[in-house]
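Open the model in your viewer and keep the selection tool at hand. This tour tells you what to pick and what you will find there.

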Amino acid sequence: MPPTPADALQDDAAFRRRRQVVLDSWQRSRIAGFLYVFGWVVVAWIGDVFALAPAWGVAGAVVFLVAAILRLRLPPPAAEDRPGHDRWLLRYGAALTLAPLLWATAQTWLLLDPRFGADAVMVSVIATIGYATVIANVYTTMPRTAAIGAFVLFAPMLAALWLQPAYRALAVACTLYAVYLGGALPRSAREYRRRLDLDAALHEQRDRYERLSRTDPLTALANRREFGVRLAEATRMSGDAGFALLILDVDHFKRINDEHGHAVGDACLRALAQRLRAAFAGDGGLVARLGGEEFGVLLPCDGAQAKAHAEAFRAALAATRLDCEGRAVAVTVSIGVCGFVPEHHRDGDGLYRAVDRALYAAKSAGRDRVAAGDG
Ligand SMILES: Nc1nc2c(ncn2[C@@H]2O[C@H](COP(=O)(O)OP(=O)(O)OP(=O)(O)O)[C@@H](O)[C@H]2O)c(=O)[nH]1
């Protein structure tokens, strides 16, 4: 089954959400890799790592620096690159996990190597708790990555602490904190999801109002406001291709209302809108209801071609009856038409006036006819 406009809207909403996750993840965590560089330098300094194992001390700083820079070198993809967002989340998730993995390795070494004293252990454990807390509360945009990062940070540290009776009290305290984090992480992920839901609802509402403000409620065609915008756009962008404007007005519509009632009149306007859409809305044409029983059409062709289209439409309409709420009603239209000539009409208003004059001429000449405007 081909995708429907509703599918496209749903796709747009899903993509908007994914892009928000990407941008939030990047904004929240892009420079956080440098915290590990800072943490390592402090721990290595306080724990005498630079004196006891200088090569490892420096290597640690370099490795954390490389991991931090790697993160910075993964900026989000451009908004147009939709599939790139999924790839980015995978790649960035891996980059986010790198620093906790390296930290856990360094931390385990500090805990298990007897050369390092209580200061190194204490500072590194506090740093680990800090990093895991940041992950649980800030990386909620990517809950799976956050869970992996927190686990990678905590699990080796807890194992190393529990293995050594001297650190039993610390092991108990860190285990309790790990349990707390285990509960906090899904909670903050849920809060973030709720924020995304709220954003999506606001977006959807704004889009709906925006659509409504451009649409005529009776016929679902573009309304006069939208038509004005598109006419101005067309005059600004009309290159060699050119375009033409048609204004159609139903003949003696008051009689239809008087004879059949307002509801049937409405049904006639809807049926006519349907005919206009079928005749002109393809191939870059725009059909709008300008108000009452008046319709406007923008066609991407010159005046002569537009006049021929208008004449064909008028003749076909006059030859059949419109099905209006089950009643077959004879409807004819008068049409003014003109191709845009920039030197002559200058702008959309100039063209509109020329076509309106042509429509008036068509009405005055007896209705059910097409008249071309000057230009
Ligand atoms: N049913 C219905 N009637 C409408 C609507 N908007 C305007 N009308 C009616 O359209 C009629 C327009 O009447 P006129 O402007 O006198 O024009 P006409 O009777 O079509 O005659 P000509 O344009 O001179 O051929 C009025 O009776 C309006 O009440 C609408 O949304 N629904």
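**Before you start**

This is a predicted model, so local features need pLDDT of at least 70 and side-chain atom pairs count only at pLDDT 80 or more, while totals for chains, interfaces and linings use all residues. Residues are numbered from 1 along each chain as its sequence is written, and side-chain values use heavy atoms, with hydrogens and water left out.

**Stop 1: the sheet**

Select β2, β3, β1, β6 and β7. In that order, these five strands form an open sheet with mixed pairing. Strands here are DSSP runs of E with at least two residues, helices are runs of H or I with at least four, and both are numbered from the N terminus. Two strands pair if DSSP finds at least two bridges between them.

Now look at the edges. β2 (286–291) and β7 (370–372) each have a single partner strand, so one side of each has no neighbour in the sheet. From one strand to the next, the twist averages 20°. Angles run from 0 to 180 degrees between N-to-C directions, with axes fitted as lines to C-alpha atoms, for helices over the stretch in contact.

Contact means heavy atoms within 4.5 Å.

**Stop 2: strand β3**

Zoom in on residues 294–299. β3 runs antiparallel to β2, and five bridges join them. Arg-289 has Phe-295 as its bridge partner, and Gly-291 has Glu-294.

Turn to the β1 side. β1 and β3 are also antiparallel, over six bridges. There Ile-247 is the partner of Gly-296.

How many residues of β3 are buried? Six of the six are, so the strand is largely enclosed by the rest of the structure. Buried means under 20% relative accessible area, exposed over 50%, and partly exposed in between (1.4 Å probe, protein chains only). Glu-294, Gly-296 and Leu-298 are on one side; Phe-295, Val-297 and Leu-299 are on the other.

Pick Val-297. Its relative accessible area is 0%. Beyond its neighbours within four places in sequence, Val-297 contacts residues including Phe-227, Leu-246, Leu-276 and Val-287. Leu-231 is 66 residues away in sequence, but 9.6 Å away in space, C-alpha to C-alpha.

**Stop 3: helix α8**

Select residues 168–213. Helix α8 has 46 residues, which should span 68 Å at 1.5 Å a residue. The expected span is 1.5 Å times one less than the number of residues. The end C-alpha atoms are 67 Å apart, which agrees. Among the buried residues of α8 are Leu-170, Cys-174, Leu-181, Tyr-192 and Leu-196.

**Stop 4: pocket and cavity**

On a 1 Å grid over the protein atoms alone, a cavity is a set of points where a 1.4 Å probe fits but cannot get out; a pocket is an open set with protein on both sides within 12 Å along at least five of seven lines; lining residues have an atom within 4 Å of a point. Grid points are joined across faces, edges and corners, and a volume is the space filled by probe spheres set on the points.

Start with Leu-89, Thr-141, Met-142, Pro-143 and Arg-144. Of the 20 residues lining the largest pocket, these lie nearest its centre. The volume of this pocket is about 510 Å³. α5 gives the most to the lining, with five residues.

Then find the cavity. The structure holds one of 30 Å³ or more. About 50 Å³ of space lies in the largest cavity. Its lining includes Ala-32, Tyr-36, Tyr-131 and Tyr-139. α6 gives the most, with three residues.

**Stop 5: loop residues**

Go to the loop between β1 and α10 (253–260), where Asp-251 sits. Asp-251 counts as buried, at 6% relative accessibility. Its contacts beyond four places in sequence include Thr-332, Lys-363 and Arg-367.

His-252 lies in that loop between β1 and α10 too. Its relative accessible area is 33%, partly exposed. Phi of His-252 is near 45°, a positive value in a residue other than glycine.

Finish at Glu-325, in the loop between β4 (321–324) and β5 (327–330). Is Glu-325 buried or exposed? Glu-325 is exposed, at 56%. Its phi is positive too, about 50°.
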